[in-house]
Structures are given as structure tokens and as C-alpha cells.
Amino acid sequence: MTTQTTGAPGKMQLFYGLGGVANGVFSNGLSFFLLIYYNLVIGLPAEVVGFALSIALIFDAISDPLVGYLSDNWKSRMGKRHPFIFLSIVPTAFLFWLIWNPPASLTTDGQLFWFLLLTTIGLRVSMTLYDVPHNAMLPELTSDYNARTLLSGHKVSVTWISGQIIVIAMYTIWLVPTDFMPYGILNQAGYQEAGLVSAFLIAAAILISALGLLSYKGQMTEIAHEPTKSAGGFFRQFASAAGLPALRAVFLSSAVYAVGAGVGAALWSYLMSFYWELSNDQISLILVANLAGALIAGFLIKVVSNRDNKKAAAINLSILSTIIGAGPYLLRWMDLFPANGTDALIYVLFAHGIVQVGVIVWTSSVLTSMTADVVEVGLHKSGFQNEGIITASITFILKAGTAGGLAVSGVFLAFVGFPSAPDQTNLTPEIVSSLGFNYALLTIAIYAASIVFLLFYNLDKKQFEEMVSNKPA
């Protein structure tokens, strides 16, 4: 593999990072609102929504490495990655709009289930055509150990920034309560308008990022192995990548961590509205805190990108994520947290939002960079240039975080007995208390599992640089 750039020039950082806009709008739109929309607005039971998204995740497990394999072996004047990225733009935008606009003729739960399932599968496959090749660019754009964390950090922080902006816009523009609809999150027209705007943003972000990175296409043309486009070739390359202990460790850790973040996103509106009893204006303020956290984390990304021990950094940040995620709910359970309706609660939740999102951005950046580093291990051991297949795990992880988080959240809401149409008659204090306490326990369990998997990652900076220096020209 020939990687011509040892650092990360400003232009590269800009256009690679801008790709995160598509990820942020896509992921937060689905993570924060799809469960609420289909459960509380459309009327599907939460566990049915979660089941549909879990099935769709099975298709991701096939399409992600397949697209990675095809782009690893593709030859064109635009390089290996760009043809797939350009192909993704129209179907991704259209299907993102469609998922918020189920036809009025679909009236039964069964019909709506199949619509949600099939649309989600199509949407995720089309997003794969963009995200897998885009992530595969990371190890091709730079061979520098720390620069890879810098690049991944910019994309992750932009993902979070754009994602928070779209959520803020949802609560301040499209889901504002009215006299006729006191719960703004039940406004179907608002979701549909937001879906249209989001579809255009996703298409524009993919197009601009792809065009901006075209000048680096020369670094994404060479194939170290004999290129193939066959089932046998796919399984050989996939088996080669799957056999790498470092990839298995970071994949499992990242996937579980992403599910934890996905659960937090899916339940966030439930917790803010019903557990902390915040108004729309107060929720918007907390979202501003989340946005500030992403901005600060992106601005200070070199704090983690300059770390020479990515494994230790990821473990420490994951431990911090666990404490921050579960802390407020455990403190409330012990009556050590500010009461609902007080200014102190808003101040504490505002500070909490800044720190929580900042830590998640940093953790995700390090885990993404660790995954890209495994490419060198695969090339060194097998000779296969598996950037696409290996970094497909990043794309799968993002979607696993969204779909897995929604699926777990649907089961979780059923477990705590949360009503499909909450009001003062069926939303009891016992249910609300159970929502917060069990959420804390779920958070601890998920992040603890992520940390355990990370202990088996076995690649450090010294090994990485030795492999890069011995790589065939």
C-alpha cells in the first residue's frame, strides 16, 4: 500500500471531517427520533420497532464487509473509493426522506412493520456505499500514527456537532409545543419537514466531502494483492481480516460502546422529558451544552491524537464514560442530586452534557483510529490490502450503535413498563423512578463489557511504526 502523506494537511482535515455532517444528521435523526416517531406518533409498539431495526442490522453485517471488499478491489480513474461514494448520494437522501413519510395506506401494525424494515434495510445499504469507502480512506490518506487519530477526531467531532445541531433544530423549529399539541414530540408534520431538510444536508455533505478529497485519489488506487471480484476472493479477504486478534478486540469493544451511546441517544428524549421533567426550552439548553461539548472536544482533539498509547487512552476514557453516563441517575436514586424544577438541576445537567459528549467524541476518535491501524497488521501478515473490509467495522459499529441502541431501548422501555401513550393517568412515579435507575444499571453493564473487550487489543505505536517502515514500496 502506498500512502504518500505522512501528516494531515489542513485541506485533508477539512474535507475528510466534513463527511461527518452526513453521519451526524443520519445517525442522530434515527437515534434520537425514530423510536419515538414510530412508537408514539405512528403507534407501533416500541419492541416491534426495536425488532425491525435488529433484523436490519443483520443485513448490515453482510453489506458492510461486501462493499468494503468491492472498494478494496475496484479500479477506476477516480480511484477505489469515490465511485461508491458518488453512487450513494441519491438513494441515501431519498430513503432518509421516505422513512419519515410512511404511506397513509399502511394502517396495520404488520404493514407498518414491513415498511419500516424494508426502508431501513435500503437506507442502511445505501449509507454503506458512502461510509465504508469514506472510512477506508483514513489509512490511505496518512501513514502517521497520531495523524490518523487527528483525522478520525475531526470526522467524529463534526459528526457530533452536526448531529447536535439537527436535534436542537428539531426541538426549536419542528417539534415546538402548541396549544393544540402540548407535546411537541408528537407532531408528525414536524418530523416530515425535518426529514426533507435532513435528506438535502446528507446529500450535500457527501458530495462536498467526496469532491474535496478527489485530489488525493492517487493515494487510493494501488492494490497490494491481486484484485478479485468473486465470492472466493471475498471470503479469503474477510477470513484474513477476521483472523486478526486486534481487529476482533477493537471491533467488539467499539460495537458495544456504540450500542451504549445509541441507548443513551434513543432514551435521551424520554429521560429529559419524563425523568428530569424539562420543558422544551430547557431541553434545547441541554442540547446546546451537548453541542458545546462536541465543539470543545473537536477543538482540543490533539489532547488525545498526540497520545502514544491509544489502548490506555481508550480504556481510561471508557471508564470515564461509564461514570458520567450512570452518575446522575445513581445520585438521584440516593437523593444526592438537585430536585426537578430547580435551577440547580439545569446548571448541573448543562455541565454534565458538555463533559459527557466531549468524552464520547474523544473515545470514539481513539477507537476509530485504532481500527484503522489494524490495516497495517493485515497487510504485514497476509499481504491483503484490506482497508475497506477492516474499516467496514467502523461503519457497522456506527449503525450497530443506532440500531442496537434502538433495539435495546425498545426492550428496555417494555421492561420498565413505560406506556406507549404517556399521560398523568398511566405514567406513575414508580415507572419514572424505574426508568432512571435501570438506565444507570444498563449503562454500567454495557460500558463494562466494552472495556473488557478492549483489554485484548494488542497493537502499540512501536509495532505500528515498524510495520509501516517495512511496508513494500
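These questions and answers walk through a predicted model.

Trainee: How many helices and strands does the protein have?
Mentor: Look at the secondary structure of this predicted model. Strands number 0, and the helix count is 16.

Trainee: What is the radius of gyration of the protein, and why does it agree with a compact globule?
Mentor: The protein has 473 residues. A compact globule of that length would come near 23 Å. The value agrees, because the protein has 22 Å.

Trainee: How far apart are the end C-alpha atoms of helix H3?
Mentor: H3 runs over residues 46–72, which is 27 residues. At 1.5 Å a residue, the span should be 39 Å. The model agrees, with the ends apart by 39 Å.

Trainee: Where is the kink in H3 centred?
Mentor: The kink is about 25°.

Trainee: Is H4 roughly parallel or antiparallel to H7?
Mentor: H4 covers residues 82–99 and H7 covers residues 188–212. Their axes come within 8 Å and cross at roughly 175°. An angle over 145 degrees counts as roughly antiparallel. Therefore H4 and H7 are roughly antiparallel.

Trainee: How many residues of the contact of H4 with H7 are charged?
Mentor: The contact includes Phe86 and Trp97 in H4, and Ile202 and Leu207 in H7. Its residues divide into 14 nonpolar and 5 polar. Charged residues there: no charged.

Methods. Residues numbered from 1 in each chain as written. Predicted model: local features only at pLDDT ≥ 70, side-chain atom pairs only at ≥ 80, totals over all residues. Heavy atoms only, no water. Helix = DSSP H or I, 4+ residues; strand = E, 2+ residues; numbered from the N terminus. Expected span 1.5 Å × (residues − 1). Bend = angle between axes of the 7 residues up to and from the residue. Axes fitted to C-alpha atoms, helices over the stretch in contact; angles between N-to-C directions. Parallel < 35°, antiparallel > 145°, perpendicular 65-115°, else oblique. Contact = heavy atoms within 4.5 Å. Nonpolar A, V, L, I, M, F, W, Y, C, P; charged D, E, K, R; others polar. Rg over C-alpha atoms; globule rule 2.2 N^0.38 Å.
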